[in-house]
Amino acid sequence: MSGRTPSSPSSPASPPRPAPPPSAPAPPAADRASAGARPTVALAVSGSIAAYKAAEVARLLIQGGARVLPIMTRAAQQFLGPMTLSGLCGEPVRDTMWDPAFAGELHVALAAEADLVLLVPATADLLARLAAGRADDLVTALALCAKGPVLAAPAMHPRMWAHPATARNVAALAADGRVQLVGPVFGEVASGERGLGRMAEPAAIAAAAFAQLAPRDLAGLRVVVTAGPTLEDLDPVRFLGNRSTGKMGFAVAERAALRGAQVTLIAGPVSLAAPPGARRVDVRGALSMRAALWQALGDDLRGADALIMTAAVSDYRPAEQHATKLKRTPDLATLPLVPNPDLLAEVGAARADLAGAARPDGSRSPVLVGFAVETASDEGVIAYARHKLAQKRVDMIVANHAADSFGRDDNRATLVTRDAADALGVLPKPALADRILDQVSRMCAR
Ligand SMILES: Cc1cc2nc3c(=O)[nH]c(=O)nc-3n(C[C@H](O)[C@H](O)[C@H](O)COP(=O)(O)O)c2cc1C
């Protein structure tokens with residue numbers, strides 16, 4: 001978009017760029033998403049005090065791998081500076097259809113680019129104009145022209161939301177079926193009063209946006225994901241643990257569920273919310289993770305089509321778990337440990353046995369994916385991943401560095417399979433999750 005459109009009055013810092021040659025229409029969002037391309041969101045902001053939260057929505061969308069084209073109504077610019085959005089999005093803010101420097105129809109061009117039109121916040125006035133089918137500014141003209149879904153996050157005083165006129169407009173939009181709403185929610189509004197009218201939280205809006213954008217290419221696939229650390233108790237107040245936060249596994253579970261898979265997420269102790277649509281099983285130590293895993297897979301491994309083991313399972317646990325708190329004593333200078341089962345190797349071995357014996361077609365199901373986190377050099381990590389792949393008899397190892405991974409929102413990983421090592425560079429964890437799932441989907445189809 002920005003390639004064709006010189007700066008608008010609200011984006012003086014954006015220099016005009018040459019027009020690219022005419023191109024074929026963009027493929028549908030689903031095809032592009034599964035091909036690894038970034039989905040494009042036209043984020044339109046209207047005039048509510050909640051407008052400042054649109055910046056956080058933009059950040060979350062970008063973090064999740066989307067390209068964001070910011071648009072603002074005139075009123076929105078009373079509440080939020082356009083530079084905030086253009087700076088975050090790396091795109092000029094559009095605020096008018098009447099841009100003499102744009103050769104063409106800006107609302108049509110934006111609609112052609114956008115896989116999703118997202119209205120955050122949506123004022124009562126904007127809902128009224130949408131319901132009436134008006135197209136008297138860039139935002140309404142774009143919404144009317146959208147080729148994909150339009151999602152609106154209303155924000156207003158509870159009496160405005162409860163007003164029969166707003167209710168009538170919302171009902172008309174629902175009847176037309178062209179604009180979906182996320183929120184509003186019950187809570188405190190700008191005046192300090194409480195009621196239904198507060199805008200949905202930015203994370204919920206971003207999640208709803210990604211749900212609209214996701215292809216449903218994993219429908220019918222049963223995916224089990226393990227995530228987070230395991231904590232190995234020594235006594236009621238002490239444990240052995242590690243620095244895993246669960247972000248990677250939760251991203252895999254979330255993306256798999258958004259793409260239509262039936263997801264079981266077996267999670268060690270983490271402070272993350274369950275991804276929408278995933279069945280979550282909470283566990284603590286390696287032994288309880290093992291029990292939950294076999295419960296999900298079944299003895300014959302027919303309970304899942306793919307197992308993605310992102311969990312950082314402790315290699316050892318204290319030899320004894322004490323029922324009461326251990327007292328400080330000079331004798332306890334060393335802590336006796338016992339090894340935990342290697343869950344990935346266990347499932348790899350069981351699958352190899354079943355493929356040889358119980359399955360006449362010799363099929364290798366479920367597809368098995370492990371993670372290898374190391375602190376060695378890049379070459380060291382990949383060599384270790386190859387060794388792990390063969391030794392544990394799995395299909396893919398996601399190799400990464402502890403420093404690039406633990407607790408971060410992005411990750412630099414290499415997908416190591418029997419015949420390839422695909423270095424992906426730094427990606428937000430949801431985008432890396434998609435690349436892993438793309439590969440899993442190909443392996444399941446074999
Ligand atoms: C301080 C202030 C706060 C406002 N907050 C809201 C709001 O939260 N929701 C709403 O629907 N309108 C709100 N309005 C009214 C809208 O800004 C007004 O209806 C405007 O015409 C909306 O234009 P737009 O939809 O094109 O952005 C507010 C107005 C002011 C002055």
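Predicted model: local features only at pLDDT ≥ 70, side-chain atom pairs only at ≥ 80, totals over all residues.
Two strands count as paired here if DSSP finds at least two bridges between them. Keep that in mind for β1, residues 40-45, which pairs with β2 in the parallel sense over six bridges. Within that pair, Ala44 stands opposite Ile71 of β2.

**The overall picture**

The protein has 15 helices and 19 strands. Out of its 446 residues, 45% count as buried. If you look at contacts with a separation of 6 or more, 70% of them link residues 24 or more positions apart.

**The parallel sheet**

β1 and β2 belong to an open sheet of five strands, ordered β2-β1-β3-β4-β5, with parallel pairing. At the edges sit β2 (67-72) and β5 (179-181), each of which pairs on one side only. Ignoring direction, neighbouring strands in this sheet are turned by 25 degrees against each other on average.

**A hairpin further along**

Gly187 has Gly195 in β7 as its bridge partner. The hairpin leaves five residues between the strands, and Gly192 takes a positive phi near 95 degrees there.

Now for α9, residues 202-213. This helix lies across β1, β3 (116-122) and β4 (150-154), and runs at about 160 degrees to β3. Is α9 mostly covered or mostly open? Mostly covered, with nine of its 12 residues buried. Among the buried ones are a run of alanines, Ala206, Ala207, Ala208 and Ala209, along with Ile205, Phe210 and Leu213. Pro202 and Gln212 are buried as well.

How far apart are the end C-alpha atoms of α9? They are 16 Å apart, which agrees with the span its 12 residues should have at 1.5 Å a residue, also 16 Å.

**Around the ligand**

There are 15 residues around the ligand, and the ones that come nearest are Ser46, Gly47, Ser48, Thr73 and Thr123. Which element gives the largest share of this shell? That would be helix α5 (residues 124-131), with three residues. Sorted by class, the shell holds nine nonpolar residues, five polar and one charged.

Definitions and conventions
Residues numbered from 1 in each chain as written. Helix = DSSP H or I, 4+ residues; strand = E, 2+ residues; numbered from the N terminus. Axes fitted to C-alpha atoms, helices over the stretch in contact; angles between N-to-C directions. Contact = placed C-beta atoms within 7 Å. Buried ≥ 20, exposed ≤ 12 C-beta atoms within 10 Å, placed from the backbone. Expected span 1.5 Å × (residues − 1). Near = placed C-beta within 6 Å. Nonpolar A, V, L, I, M, F, W, Y, C, P; charged D, E, K, R; others polar.
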